[in-house]
Amino acid sequence: MARRATRDTAIGQRIRDRRTLLKLTLRVAADRAGISHTTLSRIERGEISADNRFTLADIAEALRCPVTDLTGLPAAPADRDQAEAGGAVHEALQAVIGADLDYPPDSEPVALDALGRELELVRGLRIRCDYIAAANRIPNLIRGLHAAAYGQERERALRGLVIAEDMTSFVIRYAGHPGSACLVADRAHQAAERLDDPVMLGLAAWSRGHAATGMGLYPRALQVAQRAATELQPHTGEPDALEMFGQLLMLQAFAIYAQGRDLADTTELVAEAVRIAEQTGESGALNLAFGPTNIRFWKVSMLSDGDPGAAVEIARETQPAAVESPSRQFAFYADTGRALAHLRRDREALRMLLTAERLSPQRMRSPIITETVRGLLERSKRGTGWTELRGLCERLGIGA
């Protein structure tokens with residue numbers, strides 16, 4: 001009988017438990033996942049850290065389960081924070097489900113100027129990776145924008161609703177609920193369709209594609225991004241459209257790379273995005289942080305699970321401070337840390353991961369990052385960095 005998984009259960013153990021439950025041999029499961037049976041065996045035994053997002057998606061497909069069944073939930077914070085986070089996400093989802101534009105609101109419209117200020121506040125919380133605080137403010141914001149969409153300033157309210165639901169999808173994904181993030185992104189698409197604005201349709205598509213990658217659904221992310229980019233291309237002269245188009249190109253590149261692990265397959269898409277970034281510079285349009293530096297962040301993210309050596313080389317020539325978003329800076333440091341860990345440059349990896357933690361303690365609890373840190377602990381010896389590593393493990397709930 002498979003053991004009962006806990007929050008501290010290693011991903012490799014979860015994979016073995018799932019495979020045993022399905023009565024699959026190592027060879028059969030590995031063949032379905034497109035990896036060698038020796039690699040799968042080493043992952044299950046914890047000899048290889050199970051923190052490669054693309055390989056995990058393949059294994060989940062082979063074992064007929066969501067990636068989240070293998071990764072588990074984010075590492076638990078203090079009990080009070082954990083309860084607050086769960087409650088905030090639950091209430092945010094309730095608000096999004098209730099804000100169905102096929103049905104009128106239950107409340108009277110709120111002044112849009114006040115809602116605009118609240119939207120900006122939530123935007124700041126999201127960028128600073130304070131997901132609990134953002135989730136606590138989202139329900140009233142979503143309900144207010146839903147009601148306003150039935151008022152005299154319908155178009156402005158619908159635009160706000162697309163942006164708010166994109167932010168909500170992001171917050172909920174990184175709060176540990178990627179499946180629910182897909183539902184929220186679909187609501188953003190509903191609002192964009194009602195607005196019939198090409199840029200907002202592009203943002204909603206980005207939200208749907210980004211949410212799909214959180215579930216390991218890379219073919220779906222590619223499909224959504226390709227269609228959206230094709231439909232947006234004739235409108236790139238409109239405000240924010242060029243940045244949105246470039247972001248959709250990078251999402252396509254990421255999804256293609258995730259499926260084939262060959263950077264050559266993404267060359268044209270990335271080159272076009274680079275040309276666009278040369279025009280836009282470092283842009284804050286639509287909270288995308290699109291620009292030359294963010295494209296380098298994307299490359300590091302892709303390569304960290306495919307060619308970590310190349311990822312580290314790109315990271316070495318990147319100035320993360322050029323992007324003002326702590327959220328994007330966090331991703332850069334975390335992905336670079338994971339790439340260094342894959343290269344077994346553990347001390348450098350730890351420094352990068354500690355920098356990422358300073359930017360976002362909440363996002364640091366990602367199961368993938370936790371698995372990377374678990375691998376560092378398994379290989380560690382008492383010496384430089386040991387105290388810092390043990391402290392990080394304790395904060396992430398990893399047992400020694």
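Q: How many positive and negative side chains does the protein have, and how far apart do the centres of the two sets lie?
A: In this predicted model, the protein has 50 positive and 52 negative side chains, where Lys and Arg count as positive and Asp and Glu as negative, with His and the chain ends not counted. The centres of the two sets lie 8 Å apart, the place of a charge being NZ of Lys, CZ of Arg, CG of Asp or CD of Glu.

Q: How do you know what to take from a predicted model?
A: Local features need pLDDT of at least 70 and side-chain atom pairs 80 or more, while totals for chains, interfaces and linings use all residues. Residues are numbered from 1 along each chain, and side-chain values use heavy atoms, without hydrogens and water.

Q: What makes the radius of gyration agree with that of a compact globule?
A: The rule, over C-alpha atoms, is 2.2 Å times the number of residues to the power 0.38; for 400 residues this gives a value near 21 Å, and the protein has 21 Å, so the two agree.

Q: Why is helix 19 called largely enclosed?
A: Buried means under 20% relative accessible area (1.4 Å probe, protein chains only), and 11 of the 13 residues of helix 19 are buried, so the rest of the structure largely encloses this helix. Among the buried residues are Pro367, Glu371 and Arg374, and the partners they pack against include helix 1 (11-21) and helix 20 (386-396), with contact meaning heavy atoms within 4.5 Å.

How values were computed: Buried means under 20% relative accessible area, exposed over 50%, partly exposed in between (1.4 Å probe, protein chains only). Helices (H or I, at least four residues) and strands (E, at least two) are DSSP runs, numbered from the N terminus.
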